[in-house]
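I set out to look up how this chain folds, and I keep my entries in the order in which I checked things.

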Amino acid sequence: MDEDKAKLVKIIISVACVVIAVVLFFVFNGSSGGSGKVDINTKYILCDAEECGASQKFTKEEYYDFLRESGVDPRTAQYAALPCPECGEETAYKANKCPKCQTIFLYDPEAEDYKDRCPNPDCGYSWEEERIRNLK
Ligand SMILES: [Zn+2]
Ligand SMILES: [Zn+2]
């Protein structure tokens, strides 16, 4: 009888441990914002040419080297036409990568909405919107 009880306690403890681990995992992920975090050290450009549409990933250093080599002032690079590494045309622009669904897209300078709003209809995430919401 006592042995059975000890076994039961052991089972309860191990189940509790798993539950705690799962809870901690979600709490940790939620508070650190791991899934929706923007990686500011990775830059993307996306070619706007219909027949190309190539995207390129850069580290921050590579990106600024690329701008310098392309003769583009980093301060005005947000909407500047950049040479596409794929097709060679100056139809590439600084792009944004959705931290939720990983879609790479161009900022819309005319958007009345948050300009980093993800164009994926199943997503629509905006890091900027979330940041402002969290400030309130
Ligand atoms: Zn291209
Ligand atoms: Zn998205």
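The entries below go from the overall fold to the sheet, then to one helix and the core.

**Entry 1: ground rules.** I note that this is a predicted model, in which local features need pLDDT of at least 70 and side-chain atom pairs count only at pLDDT 80 or more, while totals for chains, interfaces and linings use all residues. Residues are numbered from 1 along each chain as its sequence is written, and chains are lettered from A and ligands numbered from 1 in the order in which they are written.

**Entry 2: overall fold.** I looked up the elements first, taking helices (H or I, at least four residues) and strands (E, at least two) as DSSP runs numbered from the N terminus. The protein chain has three helices and four strands, and along the sequence they follow the pattern α-β-β-α-β-β-α. I then checked burial, where a residue is buried if 20 or more other C-beta atoms lie within 10 Å of its own, exposed if 12 or fewer, and partly exposed in between, with C-beta atoms placed from the backbone. Of the 136 residues of the protein chain, 13% count as buried.

**Entry 3: the sheet.** In what order do the four strands lie in the sheet? I find an open sheet in the order β2-β1-β3-β4 with antiparallel pairing, where two strands pair if DSSP finds at least two bridges between them. The edge strands are β2 and β4, each of which pairs on one side only. The twist averages 40° from one strand to the next, with axes being lines fitted to C-alpha atoms (for helices over the stretch in contact) and angles running from 0 to 180 degrees between N-to-C directions.

I went through the pairs one by one. β1 (residues 42-47) and β2 (residues 55-59) are joined by five bridges, and Thr42 has Thr59 as its bridge partner in β2. Four bridges join β1 to β3 (residues 92-97), and here Tyr44 is partnered by Ala95. Ala95 also has a bridge partner in β4, namely Leu106. β3 and β4 (residues 104-106) pair over three bridges and form a hairpin with six residues between them, where Gln102 in the turn has a positive phi of about 70°.

**Entry 4: helix α2.** Which strands does helix α2 touch? α2 (residues 60-69) packs on the sheet and touches β1 and β2, with its direction at about 115° to that of β2; contact means that the C-beta atoms of two residues, placed from the backbone, lie within 7 Å. Tyr63, Phe66 and Leu67 are buried in α2. Seen down the axis of α2, these buried residues fall within an arc of 100°, so they line one face of the helix; the arc is that of the directions from the helix axis to the C-beta atoms. Turned away from that buried side is a face with the exposed residues Glu61, Asp65, Arg68 and Glu69. Just after α2, Gly71 takes a positive phi of about 70°.

**Entry 5: the core.** Which residues make up the largest nonpolar core? I list seven: Ile45, Leu46, Cys47, Leu82, Cys84, Ala92 and Tyr93. Such a core is a set of buried Ala, Val, Leu, Ile, Met, Phe, Trp, Tyr and Cys residues joined through C-beta atoms within 7 Å. β1 gives the most to this core, with three residues. Leaving aside neighbours within four places in sequence, Leu82 is in contact with Ile45, Ser70, Val72, Glu90, Ala92 and Tyr93.
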